[in-house]
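The following questions and answers examine the terms used to describe a structure. Each answer sets a value beside the criterion that it must meet.

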Number of protein chains: 2
Amino acid sequence: MTGPTHADQTYVRSYNEALVLALARTTPTLDRTSVADATGLTPQAVSKVLGRLIEHGLVEVAGVRRQGVGKPSSVYRLVVTSRYAIGAHVARRSLRLVLTDLAGEVRHSAVTPLPDDFTPEDLLSRLSTGIAAITASHPETEGRLTGVGIGMVGPLDHADGTVRDAHRLRHWHDIPLRALATETLGLPVHLDKDVTAGVTAEAWRRRGAFHEAALIMVESGIGAGLWLGGRPHRGAHTNAGEFGHTVVQFGGPPCVCGRRGCLEIVHDRAVEAGDLDLAARVLATGVVNLLQTIDVDHVVLAGADLIRHAEVYRNAVRDAIRTDVRRADWLTVDVTLSSMGADVIAAGAAMQMLNTRYGMPVRAG
Amino acid sequence: MTGPTHADQTYVRSYNEALVLALARTTPTLDRTSVADATGLTPQAVSKVLGRLIEHGLVEVAGVRRQGVGKPSSVYRLVVTSRYAIGAHVARRSLRLVLTDLAGEVRHSAVTPLPDDFTPEDLLSRLSTGIAAITASHPETEGRLTGVGIGMVGPLDHADGTVRDAHRLRHWHDIPLRALATETLGLPVHLDKDVTAGVTAEAWRRRGAFHEAALIMVESGIGAGLWLGGRPHRGAHTNAGEFGHTVVQFGGPPCVCGRRGCLEIVHDRAVEAGDLDLAARVLATGVVNLLQTIDVDHVVLAGADLIRHAEVYRNAVRDAIRTDVRRADWLTVDVTLSSMGADVIAAGAAMQMLNTRYGMPVRAG
DNA sequence: ACGACTATAGCAACGCCGTTGCGTAATACC
DNA sequence: GGTATTACGCAACGGCGTTGCTATAGTCGT
């Protein structure tokens, strides 16, 4: 992003704190020894890290645990109500707002329609009133709101927070949405593509198990959110995951994007023809293409149009993975449905906001 | 790889040293101020880092530079002859060995044929004699050999150094090649897929400019080496980049891999039919698919079968990128031919070896 | 009941990082 | 030749995880 930067002790501190927080997020309780084993830190260092986290209210002592002979160990746990974040999923016709706690649990969810061809001003005013309504009904978030994450259809530029040309939205060309929203809302704002936010939602809650993953979203378009090497992959222009516009049928029907035989147009034609099985097989072919290209071991299926026929799609993808390629037993892939349903994008956007403050520090590595 | 591990001051040290070394590799000369500007370190810290590097012989003082008023600054430069590495490119019928210096420059290159269906023993003995010949003719490498990098056709497991099932090689099933070679050669060994080694070769020499990139290789098969987020992307099972076996023609001709209409079979059929333009367009379609999926801004073309008709392929790829999709002006992609010719895989393997010692420390980020 | 044993917790000193403050060296300019 | 300017490096500092050691709070055996 900003070019290489150096490492110093503040990096060491925030890195290790993030490591312990990630552990706290994914385990009901912690104790000094188990954290030391999981992180490689010495028990003494764990005490110091936990001390800092307790001081900031992120972690608390939950009691002691007798585990046989010897002094019982103190038990710690995440204070999930110590921080909150708001996530927004900006779709073509609707705005979904969620409130999540520090563990990524959704505390509140609401959808409001958006007018056809809504403008930036339309969105900002609805964001404003929607967030005000949430904070009013959740006074416990007072002073504990980390910020607002926005997941939106692309193309956009994550690095400078600008919407370049949101697909099929007339008034959205080179709109500095992050800056506008920061000013309007008075809170830190994180802007990202919807699918990237979605895959973050899964990763934030599953930590280490989720190292190489893709979230496949079918919802007025087909896209993929990528999580590679333990972090989101956005590509050079925040344009990764334009999965629906890969050609699976050379010379096939023309697509709105200008190419022929794109996954999306071939899939949609099958749906229009009422052949859902074929549509699912087409999508599955694309998923296997994705596996061959980036070799993820977790595939999460999401999106309203997919969830409506969840089992058909999931079975097609699983079948394709098993039979399409002569895949050996070591090529294990876990195919699941999104655990968060329709909230996944908005919740992921909220978690991205939390992640900027309480996740792994960027750069270095 | 080994799960999350903590950060400490040894990490800070090696990180900053790697940062300065990367700068030294890609710049003719260094001075304290420019390093400080580029890394964000204070000048005093740069002095300490450079002092450590000089102590290890990796950097030397090259003189002073008068740049106007004030005390002239000391000028430093990488000692390219302070470390060497050997790279091996194991192909189906040949073994290529190169010697590179610390800058990644190829100092020696040699090819020997490999027998049909060669065994692990065949390879190890040829590695042994080949490396002995190189060190004998390059006495300056005495005591300065970092190790041996091996780039090979997959599938293999980079994490534990095992060849799982090398494509079309009968005697290569679950062979712990890294362990065997380490023992036989008495040197550290790094094992990786050929294409991943190849993309590392480009990245090692171009540093920051090369953040999101793919190396497309056409040479008895079609594969891609991926460089994402400033580091190699291998995927969950070291199986990323099996680009030739993505479907571009749904229901097309059957491929050896078991699917139908794979990029590789469609491309090869076109070549067999003598229609090189079509073959190049098919490959270009696959490249654009790759861009849509992972959004790289550097595409490097390589491989004997491609280089033979380099311009045809390059033009086809450039045309496809320009016209295939309604791409906006911000979607810039740089398409180049590999700068290292036939040595690219072997040289990249050597640089991977150098990278394990003198590159960015793993984990943390 | 009571002492031996054991695992945990935390204080204090330490080593090593980059940072800061400041004195010194070497050049151009007047 | 004096002065401003730029670069260098010693020394003290703050902050990180580590190490050594003592205090603590339980279980277990007698």
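This is a predicted model: local features need pLDDT of at least 70, side-chain atom pairs count only at pLDDT 80 or more; totals for chains, interfaces and linings use all residues.

Q: What makes a stretch of chain count as a helix or a strand?
A: Helices are DSSP runs of H or I with at least four residues, and strands are runs of E with at least two.

Q: Which residues come nearest to DNA strand C, and what makes a residue count as near?
A: A residue is near a strand if its C-beta atom lies within 6 Å of it. Of the 28 residues around DNA strand C, R32(A), G70(A), K71(A), T42(B) and A45(B) come nearest. By class, this surface near DNA strand C has seven nonpolar, 13 polar and eight charged residues.

Q: Which residues come nearest to DNA strand D, and which elements supply at least two residues of the surface there?
A: Of the 28 residues around DNA strand D, the nearest are T42(A), A45(A), R32(B), G70(B) and K71(B). The elements are α1 and α3 of chain A with α2 (32-39), α3 and β3 of chain B.

Q: Why is V75(B) called partly exposed?
A: V75(B) has 17 other C-beta atoms within 10 Å. A buried residue needs 20 or more and an exposed one has 12 or fewer, so a count in between is called partly exposed. V75(B) lies in strand β3 (residues 73-78) of chain B, and among the residues it touches are T29(B), A62(B) and V64(B).

Q: Why is α1(A) described as roughly perpendicular to α3(A)?
A: Helix α1 (residues 9-26) and helix α3 (residues 43-55) of chain A pack at an angle of about 80°, with their axes 10 Å apart. Angles of 65 to 115 degrees count as roughly perpendicular, and therefore α1(A) is roughly perpendicular to α3(A). The contact is made by N16(A), E17(A), V20(A) and L21(A) of α1(A) and V49(A), L50(A), R52(A) and L53(A) of α3(A). These residues divide into five nonpolar, one polar and two charged.

Q: How do you know that β1(A) and strand β3 of chain A pair?
A: Two strands pair if DSSP finds at least two bridges between them. Two bridges join β1(A) to strand β3 (residues 73-78) of chain A, and the strands run antiparallel. In β3(A), Y76(A) is the bridge partner of L30(A).

Q: Why do β1 and β2 of chain A stand at the edges of their sheet?
A: The open sheet of three strands has the order β1-β3-β2 in chain A, with antiparallel pairing. Each of β1 (30-31) and β2 (59-65) has a single partner strand, so one side of each is left without a neighbour in the sheet.

Q: What makes strand β4 of chain B mostly covered?
A: Seven of the seven residues of β4 (residues 84-90) of chain B are buried. Y84(B), I86(B), A88(B) and V90(B) point one way, whereas A85(B), G87(B) and H89(B) point the other way.

Q: Which strands pair with β4(B)?
A: Seven bridges join β4(B) to β5 (residues 94-101) of chain B in an antiparallel arrangement, and a hairpin of three residues connects these two strands. β4(B) also pairs with β7 (residues 145-152) of chain B, in the parallel sense over six bridges.

Conventions
Residues are numbered from 1 along each chain as its sequence is written. Chains are lettered from A and ligands numbered from 1 in the order in which they are written. Two residues are in contact if their C-beta atoms, placed from the backbone, lie within 7 Å. Axes are lines fitted to C-alpha atoms, for helices over the stretch in contact, and angles run from 0 to 180 degrees between N-to-C directions. Angles under 35 degrees count as roughly parallel, over 145 as roughly antiparallel, 65 to 115 as roughly perpendicular and the rest as oblique. Ala, Val, Leu, Ile, Met, Phe, Trp, Tyr, Cys and Pro count as nonpolar, Asp, Glu, Lys and Arg as charged, and the others, Gly among them, as polar. Lists of a residue's contacts leave out its neighbours within four places in sequence.
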